[in-house]
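Let's take a walk through a protein structure together.

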Amino acid sequence: MSKINVLLKSLVDQALGDSKPTSGNNHSYYCPKCGHAKRKLEVDLTETAQGNNVWNCWTCGNFKGRTVAALLKAVGAPLPDIEKARS
């Protein structure tokens, strides 16, 4: 099993708050789009072979993507944080 990217986890935690570990290297967060009462936004904090970190809200289904940079951009994180996620 791959290790969690600590930098990406800290950037996502700054943008979305504390997380709860779930299966594998996924962490769950409260979805800022649908505002569900439970943590339904899952973020995979290990890169796939293509270099992606897939994320998805299991409640609203429309809030999903392939990179942490895209997630940070979608929630309005500061540009320096988005740039750090891209590198």
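Start with helix H3, on the face that is turned away from its buried side: there you will find the exposed residues Leu 79, Pro 80 and Arg 86. Bear in mind as you look that this is a predicted model.

Now turn to the buried residues of H3, which spans residues 79-86: they are Asp 81, Ile 82 and Ala 85. Seen down the axis of the helix, these buried residues fall within an arc of 100°, so they line one face of H3. Here is a handy rule for reading such a pattern: an α-helix has 3.6 residues a turn, so residues three or four places apart point the same way. What do the buried residues of H3 pack against? Their partners are H1 and helix H2, the latter covering residues 68-74.

Is Leu 11 buried or exposed? Its relative accessible area is 2%, and since buried means under 20%, Leu 11 counts as buried. Leaving aside neighbours within four places in sequence, Leu 11 is in contact with Leu 72, Asp 81, Lys 84 and Ala 85. Asp 81 and Ala 85 are also among the buried residues of H3.

Let's step back to the whole chain. It has three helices and five strands, and along the sequence they follow the pattern α-β-β-β-β-β-α-α. The radius of gyration is 12 Å, close to the 12 Å that the globule rule gives for 87 residues, so the chain is as compact as a globular protein of that length. Along the principal axes, the C-alpha atoms fill a box of roughly 30 × 30 × 20 Å. Buried residues make up 38% of the 87 residues. The chain exposes about 5,300 Å², and carbon and sulfur atoms supply 50% of that area.

For a look at a strand, find Ser 28 in E2, residues 26-29. With a relative accessible area of 2%, Ser 28 is buried. Beyond its neighbours within four places in sequence, Ser 28 is in contact with several residues, including Asp 18, Thr 22, Arg 39 and Leu 41.

Next come the cysteines. How many disulfides are there? The count comes to zero. For Cys 31, the nearest cysteine sulfur belongs to Cys 57 and is 3.6 Å away, and Cys 31 is in no disulfide.

Finish with the aromatic rings. The structure holds one aromatic pair. It is formed by Trp 55 and Phe 63, whose ring centres are 4.9 Å apart and whose planes meet at 65°, so the pair is edge-to-face. Trp 55 and Phe 63 are both buried.

Technical notes. Residues numbered from 1 in each chain as written. Predicted model: local features only at pLDDT ≥ 70, side-chain atom pairs only at ≥ 80, totals over all residues. Heavy atoms only, no water. Buried < 20%, exposed > 50% of the residue type's maximum accessible area, 1.4 Å probe, protein only. Contact = heavy atoms within 4.5 Å. Disulfide = S-S within 2.5 Å. Phe/Tyr/Trp six-rings, centres within 6.5 Å; stacked < 30°, edge-to-face > 60°. Helix = DSSP H or I, 4+ residues; strand = E, 2+ residues; numbered from the N terminus. Arc of directions from axis to C-beta. Rg over C-alpha atoms; globule rule 2.2 N^0.38 Å. Areas by Shrake-Rupley, 256 points an atom, 1.4 Å probe, with all protein chains shown as cover.
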